[in-house]
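The sequence and structure come first.

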Amino acid sequence: MKRHALALLLHPCKNRLMPKTALKDAINSFTANLLSIAAEFPHLRFNLVFPGYFLESIDVLLLSKLRELSKKGNLEWILTGYTEPFLSLSPLNLTSHNINHGLQLFSELAGETPCGFLPPCSNWEPFLIDMLSNAGLNYAILSQELFPIQTRYCCGYWMAEHTGKALALISTNVINPMTAPANFIDWLNQIFSQDKSELATQKFATVHYMIPLSASSDPFRWLRYAASEIDKYLLNFQSVRFSEFISSNPALGLQYVPSSLLIEGNKQTDQHFLNYLYSFDQIGILQRKLLDVNNKLNATKDIKTVAPLIRQLCMVQDINRLLPGKEYGFENTNDRLWSYAKLIGIERTLYLKNNTKGGQIRITDFLKNGVKSIILANKSLKAYIDNTNGGQIFAFDFRDRYLNLCAAYSPQQHQPPNILVAGKSRTWFIDHILPQDCKSSDLINGTAKELGNLLNGQFEYKVRKTSSGVRIALERQCSILRADRLSPMSIEKVYGLEQDSPVFNFVYQLSNLSLMDCHFKFATQLFFSFPGLCSGDVKIRHRSQTFEKPGVELFQFTSATKWVIEDRLGGVRLYFQTQKPFDIWCIPASSPDSPCEPSMGLAIVLSCNVDLEPSSRWKNIGKVTFRKIRRKGEYIDAL
Amino acid sequence: MRFETLDIIIEGRNDTVFLFLSGAFHKELIPQMREKFAVLLQDGNRRFMVNMENVTYIDESVVQMFLQILNSVKAKGGELGLIFKNETLTRAFAPFFNLIPVYPDDSTAAPTGLLATLRRRGVLLSRKTGVRISRPVAIFVLIVLCGWFATLLFIIRLQNSHLKEQQQELYELTTYKQHAIIEINRMQERLRPMEQLGILKDTIAQKP
């Protein structure tokens, strides 16, 4: 019987955000366990995947022991980058920086640079061949699911070529403590027997064992068992490091692997995985913001300021923040707001550095969909406006608290995968023209009859910069359904920021252009994403009344010109003030097909009955003042 | 989307409105840009700096548009400057360098320091007071003011030297007086024994 080569690839994975101290403990515990196994089985060779930032947290003594193992030839380092970047969603220069910074950290702390790369979640992009070759990396490790079915079970490694550069590709069998085989040797034999081709002189297989850092069970029990089995069957299986196998064995041939991603639970790889990903709410905005911040950092010449900010951006680039998931990922409110907070923090630093006074107006294709968005910003606030989609605000940053208050998640998927879909995306100032007898329950149930077409219409805009601040005036000619006939109407809305103060102004003006009376209920909806919604730290106050459970219960108050929303967890208080009274409906932001979930946000509807005589106008002015209040608890220094 | 090729950032820095343009500047964007300037002028802004370093393409008619905007800005007593150093724009604006001020970067366009602050302040004050004077008149007034200052300085200097002379004279006189007193005392000491013997009469004491 031939002796087969077996590469054991150990991958400590951290999917959730963890406080720095907890992360340190978890990495040290992982390393201590690994070192004990290495001491127990001195012939065992293994390959260890570490993102660069793990090295910054590991105990120095334990790291020195790993260095010794590496020197003895028992360990080979594999890199994922400084963090675990989502390669398909990240700008090239940021990915390149992430990889190079990771290599630099390894060189400084581990004493040697890794020669292999493991794309997180097997997120492969052909451009990586060029990037990795230039960085001095010799091979990449991918799940066997990414390879064509004909060659998927071949035991060996492949060569891939792109734009004149070549790189070795290694396919792996990914397992975790839940899927690890009970009979390891039988499982290995099965893998080797699946390869009927006679391409390889020595058959070679990789076992990619993913070890969750926050696992409740003991993942090292299986690893110890596997190590003992390899030790027992030493004559059948030779444990190897990747580089020693590659340097002494030829490749099986050439392979072309297209852009792919292996999403957990979805074993099938999909070439259109980006369409699937963008069908989710919020991910598009998060990624566009990442691109925008990256562009700003690139345009900044001060290296001293930029270097630490880029490292923070690499943390946001982490694949675990940009994948859908309830436990972690952008669907999780905590993760989403954490990612936004990091991006807002970087932007704020750059804004303050530029010495901009009295606000800024940006007209740019922020969403990268061929249409300009308008961004109003000052020292404290930043509003992203989409004039083509009903003139809504799709992101609103309160910079002093690093909060995106307009980041409520909608469980409804977008098809086609547009970033913003009117009616589905949870934005601010979603306008409705409703019958005067319409109730809040009608809006919740989706039975409210829309008399106007304001939801997704395109607005003409004018931007203004005065000594008092910046503002945008949006205008649209629309129509209102009146006794089965359409009557012309115009709507004008103005959003403004007052100089550098945390005050946001809005104005609505509806003009009846017909020669007949118009009677309707005007309503505008705002979806808030307060961090304290889940923990019950959000309260709404109107006069002497206090509403304790917004986001969970429906409640309303009438004829309000002043009311306050406060979130003690987020440390923010919003003072609303309007010129004319509004009826306020506070609706849990659940959809008809999903249960009430406070993490999905809180919807506030400002409504009032409007009676317009022929050629007359109705106008209401409002102001929201954002104030910092003492935050309940401290920020968890999460990574 | 030919209409949506240009990104615009509008922000204020020290009484100056900076417009950062990036992308391709096609002629279809001219009305839009003209309207933006009209609104900004209407809002009371007078000093504009347009950073076009990141403009990748510029239509010929865009240059004409900037000349027209310059006219309307100047008509309102404002200023318009362009910031770029790339070849495309240098070629496009080359015939008009004598008309439109062009700066290589933001820091040169918005100079800091006392003079720049005074200049900005001056613009602001003239805007507030509404007083307008022509350049020759301004130079004449400046010369007169300088003449006044020179005369004043001359008078002060003259007075100064006069004061110094008087001070010197006073000092000499004081010294002489002190010497004279000492001399008188010494003479009196010498004559006192003769006076006591009655040989000499004290004539000084008899003086009224």
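Helices and strands here are DSSP runs, with at least four residues (H or I) for a helix and at least two (E) for a strand, numbered from the N terminus. The model is predicted.

**Helix α4 of chain A**

Helix α4 of chain A covers residues 92-110, and its 19 residues should span 27 Å at 1.5 Å a residue; the end C-alpha atoms are 26 Å apart, which agrees. Just after α4(A), A:Gly111 has a positive phi of about 85 degrees. The buried residues of α4(A) are A:Leu94, A:Thr95, A:His97, A:Asn98, A:Ile99, A:Gly102, A:Leu103, A:Leu105 and A:Ala110. An α-helix has 3.6 residues a turn, so residues three or four places apart point the same way. The cover over the buried residues of α4(A) includes the helices α2 (52-57), α3 (60-72), α5, α10 (283-299) and α11 (303-316) of chain A, together with strand β3 (75-79).

The domain assignment divides chain A into domain 1 (4-264) and domain 2 (359-628). The C-alpha centres of domain 1 and domain 2 of chain A lie 49 Å apart.

The largest nonpolar core holds 209 residues, of which A:Leu6, A:Leu169, A:Leu376 and A:Ile393 touch the most other members. Strand β24 of chain A (residues 572-588) gives the largest share of this core, eight residues. Leaving aside residues up to four places away in sequence, A:Leu376 touches A:Gly359, A:Ile361, A:Ala383, A:Val470, A:Ile472, A:Tyr495 and A:Leu497.

**Chain B and the interface**

Chain B has seven helices and five strands, in the order β-β-α-β-α-β-α-β-α-α-α-α along the sequence. Of its 208 residues, 18% are buried. Among the contacts in chain B with a separation of 6 or more, 71% are between residues 24 or more positions apart.

Between the chains, 19 residues of chain A are in contact with 16 residues of chain B. On the side of chain A that touches chain B, the elements giving two or more residues are β10 (357-364) and β16 (460-466) of chain A. The largest share of that side, seven residues, belongs to β10(A). By class, the residues on this side of chain A are four nonpolar, eight polar and seven charged.

Which strand of chain B is joined to β10(A) by bridges? The partner is β1 of chain B (residues 6-13), which runs antiparallel to β10(A) and is joined to β10(A) by five bridges. In this pairing, A:Lys357 has B:Gly12 of β1(B) as its bridge partner.

| Residue or bond | Angle | Value |
|---|---|---|
| A:Gln415 to A:Pro416 | omega, cis | near 5 degrees |
| A:Phe429 | phi, positive | near 60 degrees |

A:Pro416 sits in the loop between β14 (403-404) and β15 (428-434) of chain A. A:Phe429 belongs to strand β15 of chain A. A:Ser122 is in the loop between β4 (116-117) and α5 (127-134) of chain A.

Are A:Ser122 and A:Phe429 buried or exposed? The cut-off for a buried residue is 20 or more other C-beta atoms within 10 Å. A:Ser122 counts as buried because it has 23 C-beta neighbours inside 10 Å. A:Phe429 is also buried, because 20 other C-beta atoms lie within 10 Å.

Notes. Residues numbered from 1 in each chain as written. Chains lettered and ligands numbered in written order. Predicted model: local features only at pLDDT ≥ 70, side-chain atom pairs only at ≥ 80, totals over all residues. Core = buried A, V, L, I, M, F, W, Y, C linked by C-beta atoms within 7 Å. Buried ≥ 20, exposed ≤ 12 C-beta atoms within 10 Å, placed from the backbone. Contact = placed C-beta atoms within 7 Å. Nonpolar A, V, L, I, M, F, W, Y, C, P; charged D, E, K, R; others polar. Pairing = 2+ DSSP bridges. Domains from an automatic or database assignment. Expected span 1.5 Å × (residues − 1).
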